[in-house]
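Let's take a friendly walk through the aromatic contacts here. Have the viewer ready, and we will go pair by pair.

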Amino acid sequence: MRLFIAILLPEEIKKYIIELQTKFSYEDIRFVEKDQLHITLKFLGGTNENIKEKLRKVKANPFDLNLTHLGVFPTKNNPRVLWAGTSNECFQLVDNIHKTVNPRSLNDQFHSHITIGRIKKIKDPKKFNKLLTTDIKKIKFKVDEFCLIESKLNLDGAKYKLIERYKLG
């Protein structure tokens with residue numbers, strides 16, 4: 001099983017991300033479907049460990065996040081992923097998850113974001129870069145749980161299945 005830990009998004013955020021996708025629809029981008037939008041906290045990959053039991057031990061309080069800006073990975077000169085950044089309040093949760101799940105390994109570098117789409121080709125770099133620098137709505141949303149999700153790869157991309165929810169607080 002390919003597993004990851006994520007924050008699922010409220011409907012208001014999903015709708016806004018879809019609005020952002022339409023602004024970039026002239027480009028050759030494979031957009032994330034509305035029901036697949038999330039913030040990945042940690043990718044676990046294939047794991048045989050008793051991950052559900054470990055995740056039940058994670059302690060953190062609920063918190064608020066808000067959208068901040070648009071960006072790309074890995075670089076502006078070679079964009080492969082278009083994303084919407086979020087504020088940093090989830091770092092404590094990410095750290096607690098890491099310490100609980102894999103305390104002896106180095107903590108992965110974490111960048112809080114929502115993947116909007118995977119870039120195949122930029123047709124109009126000037127327009128694309130201008131859109132990247134436009135202000136986005138700083139919508140605030142409450143995070144009171146995180147989830148364990150299974151990712152199944154298909155020819156048309158990954159499909160996600162919710163395995164378990166973990167309440168904060």
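Rings of Phe, Tyr and Trp (its six-membered ring) count as a pair if their centres lie within 6.5 Å; planes under 30 degrees apart are called stacked, over 60 edge-to-face, and the rest tilted. With that rule, a search of the whole structure turns up 5 aromatic pairs.

One of them joins Phe4 and Tyr160, edge-to-face, with 5.1 Å centre to centre and 75° between the planes. Phe4 belongs to strand 1 (residues 2-8) and Tyr160 to strand 9 (residues 157-167), so this pair ties together parts 156 residues apart in sequence. Helices (H or I, at least four residues) and strands (E, at least two) are DSSP runs, numbered from the N terminus. Phe4 is buried at 4% relative accessible area, while Tyr160 is partly exposed at 29%; buried means under 20%, exposed over 50%, and partly exposed in between (1.4 Å probe, protein chains only).

Phe24 sits in the loop between helix 1 (11-23) and strand 2 (28-31), and Phe128 in helix 4 (residues 125-132), so the pair links distant parts of the chain, 104 residues apart. Phe24 is buried at 1% relative accessibility, and Phe128 is buried too, at 2%.

Now look at a charge: the charged end of Lys127 sits over the ring of Tyr26, 4.1 Å from its centre. That label requires NZ of Lys or CZ of Arg within 6 Å of the ring centre and within 35 degrees of the ring normal.

A word on the source: this is a predicted model, where local features need pLDDT of at least 70, side-chain atom pairs count only at pLDDT 80 or more, and totals for chains, interfaces and linings use all residues. Residues are numbered from 1 along each chain as its sequence is written, and side-chain values use heavy atoms, leaving out hydrogens and water.
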